[in-house]
Amino acid sequence: AAETHNLGHHRWLPRSMGRVVDVLEAACAKIVDGNVDILDEKFMMNLFSVFRLEMVEFDEFLTFKFEKQKRKDAGKSSEKMLLFAKLQDELFHPKLDTNKETDKYARQFGVV
C-alpha cells in the first residue's frame, strides 16, 4: 500500500487495494471450506501471484525479499542470511522442535 502512488502506470490506485482484499477473502474461503490446507506452501506463497504478473515492481520486491536481501538474524552470529526465505522454510518445513510441535495446532486453527 505504501507504494501505491508509484504504480499508476499499471492502473493501480489506492482503491485497487480492494482487489487484494478480494483475493485474500477468496483464499480464506477455500481454507474454511476445507478445499485447501493452511500449510499448503504452494497455495499460500502464490496467493498474490496475479499481482506479480501485473506489476513487475511487486515481483521484483518479492524476489528481492526472498532471494536477495540478506540480514543478520537477531541474537545469532554476525552471518547474514536470507531471513524471509528462512522464515518461509521454517513455516512450511519446521526444523525447530517448538515449531514442529505447533504444526498440528496451526492446521487445527486454520479450520473455522
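This note sets out points on salt bridges, a pocket and selected residues in a predicted model.

1. Basis of the values. The model is predicted, so local features need pLDDT of at least 70 and side-chain atom pairs count only at pLDDT 80 or more, while totals for chains, interfaces and linings use all residues. Residues are numbered from 1 along each chain as its sequence is written, and side-chain values use heavy atoms, with hydrogens and water left out.

2. Salt bridges. The structure holds three salt bridges, a salt bridge being a side-chain nitrogen of Lys or Arg within 4 Å of a carboxyl oxygen of Asp or Glu. One of them joins Glu 54 to Arg 19, with 2.7 Å between the closest N and O atoms. Glu 54 belongs to helix H3 (residues 49-54) and Arg 19 to helix H1 (residues 17-32), so this pair ties together parts that are 35 residues apart in sequence. Helices (H or I, at least four residues) and strands (E, at least two) are DSSP runs, numbered from the N terminus.

3. Accessibility of the first pair. Glu 54 counts as partly exposed because its relative accessibility is 34%, and Arg 19 is likewise partly exposed, at 34%. The classes are buried (under 20% relative accessible area), exposed (over 50%) and partly exposed in between, with a 1.4 Å probe and protein chains only.

4. The other two pairs. Arg 52 and Asp 59 meet through their side chains in a salt bridge of 2.8 Å, N to O. Arg 52 is partly exposed at 25% relative accessibility, as is Asp 59 at 26%. Asp 89 pairs with Lys 95, the closest N and O atoms being 2.7 Å apart. Here Asp 89 is partly exposed, with a relative accessible area of 30%, and Lys 95 is partly exposed at 49%.

5. The second largest pocket. Its space amounts to about 230 Å³. A pocket is an open set of points, on a 1 Å grid over the protein atoms alone, where a 1.4 Å probe fits, with protein on both sides within 12 Å along at least five of seven lines; lining residues have an atom within 4 Å of a point. The volume is the space filled by probe spheres set on the points, which are joined across faces, edges and corners.

6. Lining of that pocket. Among the lining residues are Met 44, Phe 48, Arg 52, Phe 58 and Gln 88. Helix H2 (41-45) and H4 each supply at least two lining residues, and H4 gives the most, with four. By class, the lining has seven nonpolar, two polar and two charged residues. Nonpolar covers Ala, Val, Leu, Ile, Met, Phe, Trp, Tyr, Cys and Pro; charged covers Asp, Glu, Lys and Arg; the others, Gly among them, are polar.

7. Gln 69. This residue is found in the loop between helix H4 (56-68) and strand E1 (71-72), and at 12% relative accessibility Gln 69 counts as buried. Its side chain makes a polar contact (3.0 Å) with the side chain of Lys 65; such a contact is a pair of N or O atoms within 3.5 Å, where, within protein, one must be able to donate a hydrogen and the other to accept it, and residues adjacent in sequence count only if both atoms are side-chain atoms. Not counting residues up to four places away in sequence, Gln 69 touches Phe 64, Met 81, Leu 82, Leu 83 and Phe 84, contact meaning heavy atoms within 4.5 Å.

8. Val 20. Val 20 is placed in helix H1. Leaving aside neighbours within four places in sequence, Val 20 is in contact with Trp 12, Phe 48 and Phe 51.
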